[in-house]
Amino acid sequence: MEKVAKDVGDIQSRLLDHRPVISAEVRYFVREFEEKRGLRECRLLENLNKMVQEANEQMLPSNLEEMSQKLSDISKRLEAANHMAERVQQRELEAQQNTGLQANMEKLKEDWAEFVKEQQRLKEEVDEEHAKAVGELSSRFSEKKKDLAQFSL
């Protein structure tokens, strides 16, 4: 019975446990890589490093001078563009203010015309009331005149 359990454990470990095989494959791959490609990769990296150092030594100073000059040119252009944008904004603001002033003037004219019409209507009402009052007073005065004329006769 013990032998059967050991056989089952052996079979199970061989079928399901792949760690020994994987570790052997990894060791083989690393050894092959180091032997065949390691030196080639190191040489390639050293060459690239030398090229980058040479490029830094030769190109960097001239590029820095060029960049500073272009940066100053860009800065001047940006200042000019900002100045022009400010002028455009100022003109728009003035135009809006003028439009606002014109709108206010139109509103004031309309209000004034309405006020004048209202005053005219009120004047006419007062004139009508005055005319009625004058008519009533005239009729009373004529009645009083008639009454006075009757009493004096």
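Reader: In this predicted model, what percentage of the 153 residues in the protein chain do buried residues make up?

Author: The model is predicted. A residue counts as buried when its relative accessible area is under 20%. In the protein chain of 153 residues, the share of buried residues is 1%.

Reader: How many helices and strands does the secondary structure of the protein chain come to?

Author: The chain has zero strands. One of its helices is α2, which covers residues 19-152. The count of helices is two.

Reader: Is Val30 buried, partly exposed or exposed?

Author: Val30 lies in helix α2. Its relative accessibility is 37%.

Reader: Which residues form a nonpolar patch on the surface with Val30?

Author: The patch has about 470 Å² of accessible area together. Besides Val30, its residues are Ile22, Val26, Phe29 and Phe33.

Reader: What kind of aromatic pair do Trp112 and Phe115 form?

Author: A search of the whole structure finds one aromatic pair. Trp112 and Phe115 form this pair, with 5.4 Å from centre to centre and 35° between the planes. Planes under 30 degrees apart would count as stacked and those over 60 as edge-to-face, so the pair is tilted.

Reader: Why are Trp112 and Phe115 separated by about one helical turn?

Author: Trp112 is exposed at 55% relative accessibility, and Phe115 is partly exposed at 40%. Both belong to helix α2. They are separated by about one helical turn because they are three residues apart in that helix.

Methods: Residues are numbered from 1 along each chain as its sequence is written. This is a predicted model: local features need pLDDT of at least 70, side-chain atom pairs count only at pLDDT 80 or more; totals for chains, interfaces and linings use all residues. Side-chain values use heavy atoms; hydrogens and water are left out. Patches are made of residues with over 30% relative accessible area and no salt bridge: like charges are joined within 9 Å, nonpolar side chains (Val, Leu, Ile, Met, Phe, Trp, Tyr) within 5 Å. Accessible areas come from the Shrake-Rupley method with a 1.4 Å probe; for residues, only the protein chains shown count as cover. A salt bridge is a side-chain nitrogen of Lys or Arg within 4 Å of a carboxyl oxygen of Asp or Glu. Helices (H or I, at least four residues) and strands (E, at least two) are DSSP runs, numbered from the N terminus. Buried means under 20% relative accessible area, exposed over 50%, partly exposed in between (1.4 Å probe, protein chains only). Rings of Phe, Tyr and Trp (its six-membered ring) pair if their centres lie within 6.5 Å; planes under 30 degrees apart count as stacked, over 60 as edge-to-face and the rest as tilted.
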